[in-house]
Amino acid sequence: MSETATFTTYEALIAAMRARRISLGMSQLSVDARAGLPDGYTAKIEAMLTNPTAKNARSIGRESLPLMLGALGLELATHARPSRASKKASPLNVMSERGKKGQAIWKCRTTGKQRRANARKAALARWEKHRKEKAATKRTRCAVPAKPASATV
């Protein structure tokens, strides 16, 4: 009978590997020896769980991950999340994927009436700024003295 574990973070993967190592009764050094990795490699990876900012903490490399999984008798499999796979790529989803979550959150927290009022207020502010800039340029044009007419002989 096979057991499955689902995790969505790197830390959860490391915790699952550590739990498997402990359930097998293996030490960190025995995992390193069985995987053909340098002594202390597993300890440095598991240090990420307790102190991620430690100088000796490190992440698993792409070559060492399959070696460690093999030493622990584990397989790594992926599966699609039904909730995420069924979502359509609306403009809000695309924007939040690009890191622009502010507008999506703002739209969720305000009603259409509030958004229209805010848009109207912003448009009036832009129009007022435009009028002030236009009046300022008009005043500077009028303030420039005209050139005196040259005398013709």
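Biologist: At roughly what angle do the axes of α2 and α3 cross?

Modeller: The angle is roughly 120°, and the two axes come within 7 Å. That makes α2 oblique to α3. The reasoning needs one cut-off: angles of 65 to 115 degrees count as roughly perpendicular. Keep in mind that this is a predicted model.

Biologist: Which residues of α2 and α3 make the contact?

Modeller: From α2 come Q28, V31 and D32. From α3 come Y41, T42, A43 and E46. Sorted by class, the contact of α2 with α3 has 3 nonpolar, 2 polar and 2 charged residues.

Biologist: Let me step back. How many helices and strands does the chain have?

Modeller: Start with the inventory. The chain has 8 helices and 0 strands. Along the sequence, the pattern reads α-α-α-α-α-α-α-α.

Biologist: What percentage of the chain's residues count as buried?

Modeller: Burial is judged by relative accessible area, and under 20% counts as buried. Of the 153 residues in the chain, 16% count as buried.

Biologist: Among contacts between residues at least 6 apart in sequence, what share joins residues at least 24 apart?

Modeller: That share is 49% in this chain.

Biologist: Which residues of α2 and α4 make the contact?

Modeller: On α2, the residues are V31, R34 and A35. On α4, they are L67, M68, A71 and L72. By class, the contact of α2 with α4 has 6 nonpolar residues, no polar ones and 1 charged.

Biologist: Now α1 and α3. Is the crossing left-handed or right-handed?

Modeller: Take the angle before the hand. The axes of helix α1, residues 10-23, and α3 cross at roughly 125° and come within 9 Å. α1 and α3 are therefore oblique to each other. The crossing is left-handed. In the contact, α1 supplies Y10, E11, I14, A15, R18 and R21. α3 supplies T42, I45, E46, M48 and L49. The class count for α1 with α3 is 6 nonpolar, 1 polar and 4 charged residues.

Biologist: E46 turned up at both α3 contacts. Is E46 buried or exposed?

Modeller: First place the residue, then read its area. E46 sits in helix α3, residues 41-50. E46 is buried because its relative accessible area is 9%, and buried means under 20%.

Biologist: Which side chain does E46 join in a polar contact?

Modeller: The partner is R21, at 2.9 Å. Setting aside neighbours within four places in sequence, E46 is in contact with I14, R18, R21 and Q28. I14, R18 and R21 also belong to the α1 side of the contact with α3. Q28 belongs to the α2 side of the contact with α3.

Biologist: Which side chain does S64 join in a polar contact?

Modeller: The side chain of Y41, at 2.7 Å. Beyond residues up to four places away in sequence, S64 touches L37 and Y41. Y41 is also one of the α3 residues that contact α2.

Key. Residues are numbered from 1 along each chain as its sequence is written. This is a predicted model: local features need pLDDT of at least 70, side-chain atom pairs count only at pLDDT 80 or more; totals for chains, interfaces and linings use all residues. Side-chain values use heavy atoms; hydrogens and water are left out. Contact means heavy atoms within 4.5 Å. Helices (H or I, at least four residues) and strands (E, at least two) are DSSP runs, numbered from the N terminus. Ala, Val, Leu, Ile, Met, Phe, Trp, Tyr, Cys and Pro count as nonpolar, Asp, Glu, Lys and Arg as charged, and the others, Gly among them, as polar. A polar contact is a pair of N or O atoms within 3.5 Å; within protein, one must be able to donate a hydrogen and the other to accept it, and residues adjacent in sequence count only if both atoms are side-chain atoms. Buried means under 20% relative accessible area, exposed over 50%, partly exposed in between (1.4 Å probe, protein chains only). Axes are lines fitted to C-alpha atoms, for helices over the stretch in contact, and angles run from 0 to 180 degrees between N-to-C directions. Angles under 35 degrees count as roughly parallel, over 145 as roughly antiparallel, 65 to 115 as roughly perpendicular and the rest as oblique. A crossing is left-handed if the near helix is turned anticlockwise from the far one by less than a right angle, and right-handed if clockwise.
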